[in-house]
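Here's a quick tour for anyone opening this structure for the first time. Take a look at it, then read on.

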Number of protein chains: 2
Amino acid sequence: MKLSDYPRPSVTVDIVIFTIKDNNLKVLLVKRGVEPFKNKWAFPGGFVKIHENLEQAAKRELEEETGVKEVYLEQLYTFGDVSRDPRGRVITVTYFALINSEKAKEKLNASTDVIEAEWFEISNLPPLAFDHSEILKYAIKRLKWKFEYTTIAFSFLPKRFTLTQLQKIYEIIFEKNFDKRNFRKKILSLELLEPTEEKEKEVSYRPPQLYSLKSKIKIGKIIDII
Amino acid sequence: MKLSDYPRPSVTVDIVIFTIKDNNLKVLLVKRGVEPFKNKWAFPGGFVKIHENLEQAAKRELEEETGVKEVYLEQLYTFGDVSRDPRGRVITVTYFALINSEKAKEKLNASTDVIEAEWFEISNLPPLAFDHSEILKYAIKRLKWKFEYTTIAFSFLPKRFTLTQLQKIYEIIFEKNFDKRNFRKKILSLELLEPTEEKEKEVSYRPPQLYSLKSKIKIGKIIDII
DNA sequence: TCAAAAGTGTTCCGAATACACCCATGA
DNA sequence: TCATGGGTGTATTCGGAACACTTTTGA
């Protein structure tokens with residue numbers, strides 16, 4: 001059996017990039033500059049090069065679009081329905097990335113085939129190209145699941161952060177408030193964090209303790225958080 | 001941008017099929033009849049046809065190999081490293097299937113390109129072709145995770161089963177024993193099961209109650225089980 | 001001295017764990 | 001009547017949830 005015996009589909013990667021800005025969960029979309037779905041919004045992505053691993057392709061697209069390296073990145077799901085792309089058979093391997101709000105501030109690079117790139121609030125999205133609404137639904141499900149059972153929340157935060165910042169992120173993701181005392185008790189009991197020497201300064205209230213993730217704790221580690 | 005501008009990889013599906021037989025977790029392997037890796041064992045799989053959805057391809061391969069329809073099937077992960085197949089660039093979308101021991105008894109169909117098919121104990125496997133060891137590792141991780149947090153355990157059981165059978169399955173997957181009273185209390189408190197009219201007969205001990213999964217409970221539903 | 005957010009402890013309730021004996025049946 | 005696996009209840013421990021006030025700082 002030869003590989004050449006079979007007609008081959010095209011393979012792309014698409015990346016759902018989340019961040020938290022202005023107390024909202026946001027996702028990065030690009031406006032397509034070419035057909036199909038010209039002028040519609042879609043997730044950043046592109047064709048997998050023939051000598052490039054899937055994750056490399058995802059990282060390349062991510063960096064082209066945001067200029068950011070070192071983000072949390074994991075494979076999400078592969079969508080390959082026959083009719084998902086009007087140009088022909090296109091299978092897309094989707095990825096899921098989280099970047100922290102400081103990095104998200106850096107300016108977005110509109111790349112080839114893209115008119116502009118913009119952060120959209122999850123609750124206020126334009127219509128999406130292809131089957132990208134379905135992809136997003138899946139990505140949000142995964143995001144909540146991961147927040148509940150792993151340490152990914154920290155990928156939305158800078159190296160040093162306060163417990164209040166962390167709590168705020170959980171409140172945004174789960175769309176509900178937590179009791180401050182119970183939240184702190186729970187998080188500290190997990191022994192993931194260590195206090196840093198410094199406290200945040202130049203605030204007109206009691207300066208909060210800054211914490212950092214213990215170096216041996218990997219982001220994404222499975223552990224019951226909430 | 002045209003699809004034809006890009007060289008395309010080949011795309012396959014591979015299926016990790018688990019069952020429980022003889023009180024052991026087993027996986028179905030086929031012996032390859034063609035190069036590469038001729039005479040080595042691998043997961044059942046094959047090329048995705050150009051007019052066939054990914055899940056259809058997985059179901060087709062599954063049925064060709066085992067003759068079984070109606071199994072629990074979910075997408076696992078997509079492996080696409082450049083050098084994973086010596087023939088060239090081949091991306092494989094892997095699936096994860098669970099079939100119950102009664103169905104697993106039915107005879108296996110050796111299909112094209114395959115010399116034989118056989119159930120292997122997880123703890124006693126031959127060397128695997130391609131990157132299939134890595135795929136298996138990933139599949140086992142997913143299996144345990146799903147057992148802990150969803151109702152997939154029931155896909156290893158026939159429609160009617162005893163609580164002892166269920167407990168046995170958890171003990172095999174988690175490689176440890178559970179207390180009978182606590183296990184029953186926990187499972188029954190989840191309100192997933194209903195007793196059936198009959199009891200198992202022709203056993204030389206007190207006949208056990210048979211239970212079935214309530215019809216509104218979907219297999220795979222997320223819920224803390226253990 | 002005021003405004004703003006930081007920080008902290010106790011009680012209550014429900015779930016998980018540990019643990020041992022009697023029951024129903026066919027041989 | 002015996003062997004076999006089925007079936008059941010209670011006490012203890014641990015973690016989650018509810019709940020309000022004092023502290024520290026800069027303005």
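Predicted model: local features only at pLDDT ≥ 70, side-chain atom pairs only at ≥ 80, totals over all residues.

## A helix and what covers it

The buried residues of helix H4(B) have cover from several elements of chain B, including strands E1 (10-21), E2 (24-32), E8 (193-199) and E9 (209-213), along with helices H3 (132-149) and H5 (180-189). Which residues of H4(B) are the buried ones? They are B:Leu163, B:Leu166, B:Gln167, B:Ile169, B:Tyr170, B:Glu171, B:Ile172 and B:Ile173.

H4 itself runs over residues 163-174 of chain B, 12 residues in total. From first C-alpha to last it reaches 17 Å, close to the 16 Å you'd expect at 1.5 Å a residue. Just past the end of H4(B) comes B:Glu175, whose phi is positive, at about 55°.

## The largest pocket

Now for some empty space. Rolling a probe the size of a water molecule over the atoms is how such space shows up. The largest pocket has a volume of about 1,800 Å³. Its lining is made of 48 residues, and those closest to the centre are A:Gln75, A:Arg142, B:Leu76, B:Tyr138 and B:Arg142.

Which elements give two or more residues to that lining? From chain A they are helix H1 (54-66), strand E5 (72-79) and helix H3 (132-149), and from chain B they are strand E5 (72-79) and H3. E5(A) gives the most, with eight residues. Sorted by class, the lining has 19 nonpolar, 10 polar and 19 charged residues.

## A threonine in chain A

Next, zoom in on A:Thr66, which sits in helix H1 of chain A. Is A:Thr66 buried or exposed? The relative accessible area of A:Thr66 is 3%, so this residue counts as buried, the cut-off being under 20%. A polar atom of the A:Thr66 side chain lies 2.7 Å from the backbone oxygen of A:Leu62. As a general point, residues three or four places apart in an α-helix point the same way, because there are 3.6 residues a turn.

## A glutamate in chain B

Last stop: B:Glu194, in strand E8 of chain B. With a relative accessible area of 35%, B:Glu194 is partly exposed.

What does B:Glu194 touch, leaving aside residues up to four places away in sequence? The list is B:Leu210, B:Tyr211, B:Ser212, B:Lys214 and B:Ser215. Take B:Ser215: B:Glu194 and B:Ser215 are 21 residues apart in sequence, and their C-alpha atoms are 9.4 Å apart in space.

Key
Residues numbered from 1 in each chain as written. Chains lettered and ligands numbered in written order. Heavy atoms only, no water. Helix = DSSP H or I, 4+ residues; strand = E, 2+ residues; numbered from the N terminus. Expected span 1.5 Å × (residues − 1). Buried < 20%, exposed > 50% of the residue type's maximum accessible area, 1.4 Å probe, protein only. Contact = heavy atoms within 4.5 Å. 1 Å grid on protein atoms, 1.4 Å probe; cavity = no way out; pocket = protein on both sides within 12 Å on 5 of 7 lines; lining within 4 Å. Points joined across faces, edges and corners; volume = space filled by probe spheres on them. Nonpolar A, V, L, I, M, F, W, Y, C, P; charged D, E, K, R; others polar. Polar contact = N/O pair within 3.5 Å; in protein donor to acceptor, adjacent residues only side chain to side chain.
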